[in-house]
Amino acid sequence: MAASSACLFSPKDDAASMSIETRCNRSRKLLKIMSSYGKEFCLVFFVVAFTTYAALQTSPLKTKNPDPPTRFFSPHSLVTDYYRGNVQKAFDDMQDSDVTFTFYYAPWDAASMRSRSEFENTARYCSENVRTHQQYHYLNFFWR
């Protein structure tokens with residue numbers, strides 16, 4: 001009878017009290033299970049709420065257009081700089097010479113930046129000491 005009074009039921013006979021005690025035990029078990037998974041339930045609730053909030057946002061994206069490409073070499077350099085990535089023009093120009101040195105670069109790449117002076121020094125050395133028609137191309141491969 002004590003269990004039934006704790007469940008706030010007042011049974012009238014033993015058969016009814018048995019079913020009320022069973023219901024109270026089930027309710028307690030269910031309450032224990034729900035309280036043990038409370039953290040997980042809160043986490044799932046906040047994830048769903050945050051995802052819904054993020055999906056319903058209609059503000060414009062915070063991106064910017066890429067900066068236009070700039071020359072990697074000076075205009076008076078021996079190296080022809082295809083800084084706008086004009087691959088077809090570079091290939092057409094390559095067919096006009098006996099020897100062609102072509103370097104495909106990425107303007108943000110540190111190795112490409114370090115190799116710039118070496119490539120220009122090689123072009124200067126070869127133009128003074130080698131007697132063939134040669135061209136030096138530096139091609140920005142990451143710009144369309």
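This is a predicted model: local features need pLDDT of at least 70, side-chain atom pairs count only at pLDDT 80 or more; totals for chains, interfaces and linings use all residues.

User: What makes you say that helix H4 lies across the sheet, and how does H4 run relative to E3?

Analyst: Helix H4, residues 87-94, lies across E1, E2 and E3, and its direction is at about 170° to that of E3. Angles here run from 0 to 180 degrees between N-to-C directions. Helix H5 (residues 110-129) also packs on the sheet, where it touches E1, E2 and E3, at about 165° to E3.

User: Why do E1 and E2 count as edge strands?

Analyst: The sheet is open, with three strands in the order E1-E3-E2 and parallel pairing. Strand E1 (79-82) and strand E2 (99-105) each have a single partner strand, so one side of each has no neighbour in the sheet. From one strand to the next, the twist averages 20°.

User: How do you know that E2 and E3 pair?

Analyst: Two strands need at least two bridges between them to pair. Seven bridges join E2 to E3 (residues 134-140), so by that cut-off they count as paired.

User: Is Ser77 buried or exposed, and how do you know?

Analyst: Buried means under 20% relative accessible area. Ser77 has 14%, so it counts as buried. You will find Ser77 in the loop between helix H3 (38-56) and E1, with its side chain reaching the backbone nitrogen of Val79 at 3.1 Å.

User: Why is the pair of Phe45 and Phe46 called edge-to-face?

Analyst: Four aromatic pairs are counted in the model. In this one the ring centres are 5.5 Å apart and the planes stand at 65°, so Phe45 and Phe46 make an edge-to-face pair; the cut-off for that label is over 60. Phe46 is exposed, because its relative accessible area is 54% and the cut-off is over 50%.

User: And why is the pair of Phe72 and Tyr105 called stacked?

Analyst: Their ring centres lie 4.4 Å apart with the planes at 20°, so this pair is stacked, the limit being under 30 degrees. Phe72 sits in the loop between H3 and E1 and Tyr105 in strand E2, so the pair ties together parts 33 residues apart in sequence.

User: What makes Arg116 a charge over the ring of Phe72?

Analyst: The distance limit from the ring centre is within 6 Å. Arg116 is at 4.1 Å from the ring centre and lies over the face of Phe72.

Note on methods
Residues are numbered from 1 along each chain as its sequence is written. Side-chain values use heavy atoms; hydrogens and water are left out. Helices (H or I, at least four residues) and strands (E, at least two) are DSSP runs, numbered from the N terminus. Contact means heavy atoms within 4.5 Å. Buried means under 20% relative accessible area, exposed over 50%, partly exposed in between (1.4 Å probe, protein chains only). A polar contact is a pair of N or O atoms within 3.5 Å; within protein, one must be able to donate a hydrogen and the other to accept it, and residues adjacent in sequence count only if both atoms are side-chain atoms. Rings of Phe, Tyr and Trp (its six-membered ring) pair if their centres lie within 6.5 Å; planes under 30 degrees apart count as stacked, over 60 as edge-to-face and the rest as tilted. A charge sits over a ring if NZ of Lys or CZ of Arg is within 6 Å of the ring centre and within 35 degrees of the ring normal.
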